[in-house]
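Please open the structure in your viewer and keep the selection panel at hand. The tour goes from pockets to helix contacts, with something to select at each stop.

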Amino acid sequence: MGRSRVDAAVEELLSRVVSGTYPAGTALPGEAALASDLSVSRLTAREATRVLVTRGVLSSRQGSGTYVNEPEAWQDLGSLVALARHDGSEREVGLALLEVRRMLEVGSAGLAAARITDDRLQAMESAIAELRRADADDDVDAAAAADLDFHNHIIKAASNPFVSVTFAPLRDELVVARRITSSCHKVRAHAVTQHEHILTALRLGSPDAAQAAMRAHMDQTTNDLLEYIT
């Protein structure tokens, strides 16, 4: 299913905020002018504005208009990542996201080791096999999907709904990052090896070993970003 008109308008409006067309601290054009700028109806412009207000990117002031907030007030990971990608390199964004991943995924691996089921272990083994196949075929999209699938299984195996909800917006942003890193064969090969080490630790049911394996994976991914991604 394609994007809705509102989704497209939100993306375009956010792009203009990120690029500085509508700078922080300034008011957006009036609804009619904004709709014209975005080439959408006034209703669509109004809804796009409402979405970015809920994300903290914009704020509505009664009788004054809608203003662009400073990034410190933004409450949406996707919007902040869009800003970071505009202002910096993909490597810088990837390294920052890795810091968050390290905090979430190392602990999640420890929880998963104590709670994972045989069915989940089998699914993770299948994800590694798919990553290996995609690497051999140089299928970047399939490799990225298999990589994310493996990590999603760990989050689910942690069996903590708060972890899953916290990880969800990060997972959405990792789709883009994974396609970039998965374009490199050496990065894919490293991922296969590291995933196998993590799976071995999970099979042992050792939280300490699982955390150590995930930490090593994060270290390897950091090194790969520094060496292969600009």
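Begin by selecting Glu31, Leu34, Arg46, Thr49 and Thr66, which lie nearest the centre of the second largest pocket, a site lined by 13 residues in this predicted model. About 160 Å³ of space lies in this pocket, and helix 2 (31-38), helix 3 (42-54) and strand 2 (65-68) each supply at least two residues of its lining. Helix 3 gives the most, with 5 residues, and by class the lining of the second largest pocket has 5 nonpolar, 5 polar and 3 charged residues.

Next, select Glu11, Leu14, Arg55, Gly78 and Ala82, which among 18 lining residues lie nearest the centre of the largest pocket, whose volume is about 440 Å³. Helix 1 (5-19) and helix 4 (77-87) each supply at least two residues of that lining, with helix 1 giving the most, 7 residues.

Now turn to residues 140-157 and 185-204, which are helix 7 and helix 9, where the axes come within 12 Å and cross at roughly 20°. Helix 7 and helix 9 are therefore roughly parallel to each other. To see the contact, show side chains including Phe150 and Ile154 of helix 7 and Ile198 and Leu202 of helix 9; the residues of this contact divide into 8 nonpolar, 2 polar and 2 charged.

Finally, select helix 5 (residues 90-115) and helix 8 (residues 161-181), which pack at an angle of about 140° with their axes 10 Å apart. Among the residues making the contact are Leu97 and Leu104 of helix 5 and Phe167 and Leu170 of helix 8.

Note on methods: Residues are numbered from 1 along each chain as its sequence is written. This is a predicted model: local features need pLDDT of at least 70, side-chain atom pairs count only at pLDDT 80 or more; totals for chains, interfaces and linings use all residues. Side-chain values use heavy atoms; hydrogens and water are left out. Axes are lines fitted to C-alpha atoms, for helices over the stretch in contact, and angles run from 0 to 180 degrees between N-to-C directions. Helices (H or I, at least four residues) and strands (E, at least two) are DSSP runs, numbered from the N terminus. Angles under 35 degrees count as roughly parallel, over 145 as roughly antiparallel, 65 to 115 as roughly perpendicular and the rest as oblique. Contact means heavy atoms within 4.5 Å. Ala, Val, Leu, Ile, Met, Phe, Trp, Tyr, Cys and Pro count as nonpolar, Asp, Glu, Lys and Arg as charged, and the others, Gly among them, as polar. On a 1 Å grid over the protein atoms alone, a cavity is a set of points where a 1.4 Å probe fits but cannot get out, and a pocket is an open set with protein on both sides within 12 Å along at least five of seven lines; lining residues have an atom within 4 Å of a point. Grid points are joined across faces, edges and corners, and a volume is the space filled by probe spheres set on the points.
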